[in-house]
Amino acid sequence: NVVNATYGDTTGISNYHSLQVSAERRFSKGLGWLGSYTYSHSIDNVPLQQGGGVDGPMPQAIRYRFLDRATSGFDIKHRTSQSVIYDLPLGKGRHFSISNSFANAIFGGWQVNGILTVQTGLPFTPTLATSVSNSGGSRPDCLTSGGVANPTITHWFDTSFNTSGSAWATPRQYTYGNGGRNTLRGPGRTNLDFSAFKVIPVTERCQLQFRGEFFNIFNHPQFDLPNATIGSAAAGVISSTVGSPRD
């Protein structure tokens with residue numbers, strides 16, 4: 001008996017386009033900054049996982065793989081990262097010197113640092129709750145863009161179905177829906193990591209350092225992709241998060 005079969009497939013095609021910009025202020029007068037921005041677009045005809053996953057039924061038509069050539073499931077269109085290091089100008093030997101040793105021990109010698117990351121959401125593919133293609137899963141017919149003006153976690157995209165003016169419809173029996181692969185996008189993500197350091201001189205050659213580090217300091221939720229099953233009561237609802245809460 002064959003329990004599992006693993007095979008390799010070399011028919012996948014992909015390409016990647018990218019614009020990358022970075023700028024830097026070298027550490028001077030207690031301040032250093034590094035910023036970067038990436039605009040990118042990854043295109044392929046390869047699913048992220050066996051069966052398609054968030055790419056939907058993949059491939060829909062095994063003989064026409066080119067019809068599934070679209071935005072990659074891991075594509076992030078825009079992403080920026082900004083990092084800052086700043087020695088606060090308070091304390092002995094700094095711009096605002098503190099002569100009182102007790103006050104200097106509390107307020108002097110601090111450094112603050114931050115890393116801000118902002119990116120757009122990942123793509124996903126609407127699928128049908130009840131398949132009609134007779135070849136596995138089905139995608140619906142797409143009648144509008146499927147987007148909404150002000151998406152929320154309970155209504156991320158237009159889920160209207162099989163009604164007058166609806167965004168989606170059931171294809172004819174034994175046919176493929178015209179809904180494309182990865183045509184919609186989930187929520188973007190924002191994260192700020194912050195730290196504060198303080199150097200405490202002990203002797204001329206010895207010092208201690210206090211470090212307080214906060215990852216995702218504002219506890220900003222990073223929402224997962226919405227339920228993309230058209231015809232399901234949960235369609236368009238985001239019910240989970242990804243990443244880590246504040247640490």
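Strands here are DSSP runs of E with at least two residues, numbered from the N terminus, and N182 is found in the loop between two of them, β9 and β10. Keep in mind that this is a predicted model.

View 1. Let's start with N182, whose phi is about 55 degrees although it is not a glycine. N182 is buried, because its relative accessible area is 6% and buried means under 20%. Y174 isn't a glycine either, yet its phi is positive, at about 65 degrees. With 58% relative accessibility, Y174 counts as exposed.

**View 2. A cis peptide bond joins M58 to P59.** Zoom in on the link from M58 to P59, where omega is near -5 degrees. P59 sits in a loop too, this one between β2 (31-44) and β3 (70-71). For some background, most peptide bonds are trans.

**View 3. Y64 and F66 form an edge-to-face pair.** The structure holds 4 aromatic pairs. In the one made by Y64 and F66, the ring centres are 6.3 Å apart and the planes meet at 85 degrees, so the pair is edge-to-face. The cut-off behind that label is an angle over 60 degrees between the planes. How open to the outside are these two residues? Y64 is partly exposed, at 39% relative accessible area, while F66 counts as exposed, at 59%.

**View 4. R211 places its charged end over the ring of F197.** Here you're looking at an arginine side chain and an aromatic ring. The charged end of R211 lies 4.1 Å from the centre of the F197 ring.

View 5. Pick out L208 and you'll find yourself in strand β12, which spans residues 207-214. L208 is exposed, because its relative accessible area is 51% and exposed means over 50%.

Definitions and conventions: Residues numbered from 1 in each chain as written. Predicted model: local features only at pLDDT ≥ 70, side-chain atom pairs only at ≥ 80, totals over all residues. Heavy atoms only, no water. Phe/Tyr/Trp six-rings, centres within 6.5 Å; stacked < 30°, edge-to-face > 60°. Buried < 20%, exposed > 50% of the residue type's maximum accessible area, 1.4 Å probe, protein only. Lys NZ or Arg CZ within 6 Å of the ring centre and 35° of its normal. Helix = DSSP H or I, 4+ residues; strand = E, 2+ residues; numbered from the N terminus.
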